[in-house]
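Hi there,

Here is the structure I promised to pass on to you. Have a look at it first, and then read my notes below.

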Amino acid sequence: AVNIAVAGDTIGGQLTLYNALPNKTSFDIIIIQIGLNDMSALSATTISNYQNYINAINSTKRSDAEIYISCMLPCKQRFIDLGISNGQSNWIALNEALMGGGSNPISGVAKRNNYHVSLLGDGNGNLALAYNCGDNIHENQAGADIIIEGFRNMIGL
């Protein structure tokens with residue numbers, strides 16, 4: 001397993017890191033969960049950037065390798081805290097696209113995950129207090145365990 005996730009990274013940053021990997025054909029499964037740091041951009045741009053990332057992976061991965069994508073966790077209050085007025089609407093649009101809906105659904109993936117979204121949410125779009133590290137975006141270990149369970153469900157473990 002290789003983890004190229006970097007705190008604070010964007011979709012473009014992840015694409016750069018993926019492109020630099022020397023062993024792209026050694027993966028059986030590629031799991032992607034990214035997008036929160038792109039919520040201040042226009043949603044159409046973010047969705048397009050995400051699709052470009054998927055396309056780049058598909059063009060370089062082994063033909064039998066599968067791409068699994070995962071929705072972002074709820075964090076509406078964080079967007080408010082940072083003054084990102086379009087953050088929540090962009091979050092909704094990207095998560096919808098990740099699940100194969102909306103006007104620009106993300107394509108070229110084998111599986112999609114939103115298992116954790118409602119479980120981590122407070123019903124109002126925020127990260128629930130029980131899973132919140134205090135900054136309204138980062139989950140605690142109990143929240144991480146829910147996200148891990150969603151990944152395990154996708155993989156079939």
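In which sense do β1 and β2 pair, and over how many bridges? They pair in the parallel sense, over four bridges; two strands count as paired if DSSP finds at least two bridges between them.

Before going on, a word on the model: it is predicted, so local features need pLDDT of at least 70 and side-chain atom pairs count only at pLDDT 80 or more, while totals for chains, interfaces and linings use all residues. Residues are numbered from 1 along each chain as its sequence is written, and side-chain values use heavy atoms, with hydrogens and water left out.

Back to the strands. Helices (H or I, at least four residues) and strands (E, at least two) are DSSP runs, numbered from the N terminus. Ile30 stands opposite Ile67 in β2. From β1 the chain crosses through α2 to β2, and this β-α-β crossover is right-handed: with the strands pointing away from you, the path from the first strand over the helix to the second runs clockwise. β2 also pairs with β3 (residues 111-113), again in the parallel sense, over three bridges. There, Lys111 in β3 is the bridge partner of Tyr68.

Four of the five residues of β2 are buried. Buried means under 20% relative accessible area, exposed over 50%, and partly exposed in between (1.4 Å probe, protein chains only).

Leaving aside residues up to four places away in sequence, Ile106 touches several residues, including Tyr50, Ile54, Ile69 and Leu98; contact means heavy atoms within 4.5 Å.

Now find α4. The buried residues of α4 include Trp91, Leu94 and Leu98, and its buried residues pack against α2, β2, α3 (76-82), β3 and α5. After α4 comes Gly100, whose phi is positive, near 90°.

Finally, how many disulfides are there? The count is zero, where a disulfide is a pair of cysteine sulfur atoms within 2.5 Å. Cys71 is buried at 2% relative accessible area, and Cys75 is buried at 0%.

Enjoy exploring!
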